[in-house]
Amino acid sequence: TEAVAQAAAALDGDDPHTAQAALAPYVDQLADDVRVARLWAGLLHHAGDPRTIEAELARFAQAWAHDPEVMQIAAAGAVRWCRRNPLEPQTRREPVARAAAECLRRAIHARKGGRGDVEKHALHSALAHALAQVGPAVDDDALHAWEAALSAQPDDGAGWFGLARLHTVRGRWQKGLEASRHALTLLDQPA
């Protein structure tokens, strides 16, 4: 529809208010229209209230667990919100990150067997990013997600840097250095 095209153009132009206004009448169709779902998911990081993001993530998890792209867009928006709001108390950011991780876990579960290594890598990388925002209590889960992602695409230099960052932020300097060095060797190769 014209409203969906208007919302897409507004998002491309970094105008979330216009995009939200264009999509608002169609939010009830979120579970039925993948275009609306993708665009609405793309707006999540602009939300001001973390409880709104949590509620929207729950709605996405219910309706779109079978669609890894929608789940990745929604989870990425939540993680982006967490990163853009570092001064928010962890008690407000952590539930958003946990909800994003739950969306991705549902997508991973729904896609067991999936479409191959590319999809597995994308979902597990996104899960690792979400879990890193939760905090040290879920480090084992975040490490497991990075291992799954990097086993699917071992030549992903950016993924190795993500793993390095997790180790470094948690004070595991030697492991962080090793993962960073590995990332650099991968990224230093000619295309």
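**Helix α5 and its partners**

Begin with α5 and α6, where α5 passes α6 in a left-handed crossing; a crossing is called left-handed if the near helix is turned anticlockwise from the far one by less than a right angle, and right-handed if clockwise. The model is a predicted one, in which local features need pLDDT of at least 70 and side-chain atom pairs count only at pLDDT 80 or more, while totals for chains, interfaces and linings use all residues. Residues are numbered from 1 along each chain as its sequence is written, and side-chain values use heavy atoms, with hydrogens and water left out.

Helices are DSSP runs (H or I, at least four residues), numbered from the N terminus. Select residues 90-110 for α6: its axis and that of α5 come within 9 Å and cross at roughly 165°. Axes here are lines fitted to C-alpha atoms, for helices over the stretch in contact, and angles run from 0 to 180 degrees between N-to-C directions. The two helices, α5 and α6, are therefore roughly antiparallel, a term for angles over 145 degrees, whereas those under 35 degrees count as roughly parallel.

Next, display the side chains between them. From α5 come M71, Q72, A75, A78, W81 and C82, and these meet R92, R93, V96, A97, A100, C103, L104 and A107 of α6; contact means heavy atoms within 4.5 Å. By class, the residues of this contact of α5 with α6 are 11 nonpolar, 1 polar and 2 charged. Ala, Val, Leu, Ile, Met, Phe, Trp, Tyr, Cys and Pro count as nonpolar, Asp, Glu, Lys and Arg as charged, and the others, Gly among them, as polar.

Now select residues 68-84 (α5) together with residues 117-134 (α7), whose axes come within 10 Å and cross at roughly 25°. That angle makes α5 roughly parallel to α7, and their crossing is left-handed. On the α5 side the contact is made by P68, Q72, V79, C82 and R83, and on the α7 side by E119, A122, L123, H129, A130 and Q133. The residues of the contact of α5 with α7 comprise 6 nonpolar, 3 polar and 2 charged.

Which cysteine sulfur is nearest to that of C82? The count of disulfides (pairs of cysteine sulfur atoms within 2.5 Å) is 0. C82 is in no disulfide, and the nearest cysteine sulfur, that of C103, is 12 Å away. C82 is buried at 1% relative accessibility, and C103 is likewise buried with a relative accessible area of 1%; buried means under 20% relative accessible area, exposed over 50% and partly exposed in between, for a 1.4 Å probe and protein chains only.

Move to α1 and α3, whose axes come within 10 Å and cross at roughly 30°. These helices, α1 and α3, are therefore roughly parallel, and α1 passes α3 in a left-handed crossing. V4, A7, A8 and L11 of α1 make the contact with R35, V36, L39 and G42 of α3.

Centre the view on V36, found in α3 (residues 34-42). V36 is buried, with a relative accessible area of 0%. Leaving aside neighbours within four places in sequence, V36 is in contact with V4, L23, Y26 and L30.

Finally, select D14 in the loop between α1 (2-12) and α2 (16-23). D14 has a positive phi of about 55° although it is not a glycine, and D14 is exposed, with a relative accessible area of 59%.

Conventions: Angles under 35 degrees count as roughly parallel, over 145 as roughly antiparallel, 65 to 115 as roughly perpendicular and the rest as oblique.
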